[in-house]
Amino acid sequence: MWKSLSHNLKSFIKYPGQVCKMSVSANLPALSEVLEKLQNFAPEKLAESWDNVGLLIEPATPNPISGILMTNDLTEKVLQEAVDVQADLIISYHPPIFESFKRITQDTWKGRIMSKCLEKGIAVYSPHTAWDSVRGGINDWLGAFLIDHYSMGKPIVPNKDLEDCGAGRIYQNLPGKGLTLEEIISGLKKHISHPDKHIPVALAHPLNHKVTSVALCAGSGSSLLRGLKVEVFITGEMSHHALLDANHSGTSVILTNHSNSERNFLPTVKKILEESFAGVLVTISTSDRDPLSLDNL
């Protein structure tokens, strides 16, 4: 018995946390169980056909899932954070693997991320547009601050399998309701906890204009929103010429920066995972942030 305890003590000193993981592994979910829960929330069939969603990195030796790190983007800083908290799974909203690779080497940052995940035994899952499309997902979250004054957002392009889900959302004001353009701008900033004092706007209306219709798309919404006859677009980013087209069509545009329109949805899924897997530590990355910010120098 003493020999066994001595061995475990030496292992704990050499590999902190490993012995604790071993002792509770029987109560921890397998990777497949966590993936099933994520699929139940937002099936991969809801994703756009061009997207790359699902399990993107799977270690050869499966580990029980004791820790999950959630992030909007998987950068090298975020990966180091996952290593530090001993995560077995990273849920990265944006897929870190999108274009095809011919080699995994150390001369590119994505190559370093993939090789380190495999070396450390960390799985990577990406939901991307499946979370955008699903009812109760990112686009519904982004428009949640509108629901007291506007009809429940309908998908701009309904999903062929589940019509209540789909790309983007469009809102019409309820009878006798509606917000001014200024109220929508300030309400959006508060809702997404925008880190900057100001956000970019391209206005086709005065700030006191009572808005009757809004269309939104988390991330980059130019192609989806183009041509819609509404008074306000809300999205993360839009090109110069798309902004001009919108304004000349009588539509005001509010931009948040790409990932700021998505990131604060992560706590919603964190809660789902914590309620489903009580023994798993679910962490939201503190290193993850939008690469753009206002110049405060």
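Okay, let's start with helix 5, residues 109-120: 12 residues, reaching 16 Å from first C-alpha to last, close to the 16 Å expected at 1.5 Å a residue, where the expected span is 1.5 Å times one less than the number of residues. Helices here are DSSP runs of H or I, at least four residues, and strands are E runs of at least two, numbered from the N terminus.

Quick caveat: this is a predicted model, where local features need pLDDT of at least 70 and side-chain atom pairs count only at pLDDT 80 or more, while totals for chains, interfaces and linings use all residues. Residues are numbered from 1 along each chain as its sequence is written, and side-chain values use heavy atoms, with hydrogens and water left out.

So which residues of helix 5 are buried? G111, I113, M114 and C117, with buried meaning under 20% relative accessible area (1.4 Å probe, protein chains only). Down the axis of helix 5 they fall within an arc of 165°, so they line one face; the arc is taken from the directions from the axis to the C-beta atoms. Their cover includes strand 1 (54-57), helix 4 (76-84), strand 3 (89-92) and strand 4 (123-126). Just after helix 5, G121 has a positive phi of about 75°.

Now the cores, meaning sets of buried Ala, Val, Leu, Ile, Met, Phe, Trp, Tyr and Cys joined through side-chain atoms within 4.5 Å. The largest has 50 residues, and I234 is among those with the most contacts inside it.

Terms used:
Contact means heavy atoms within 4.5 Å.
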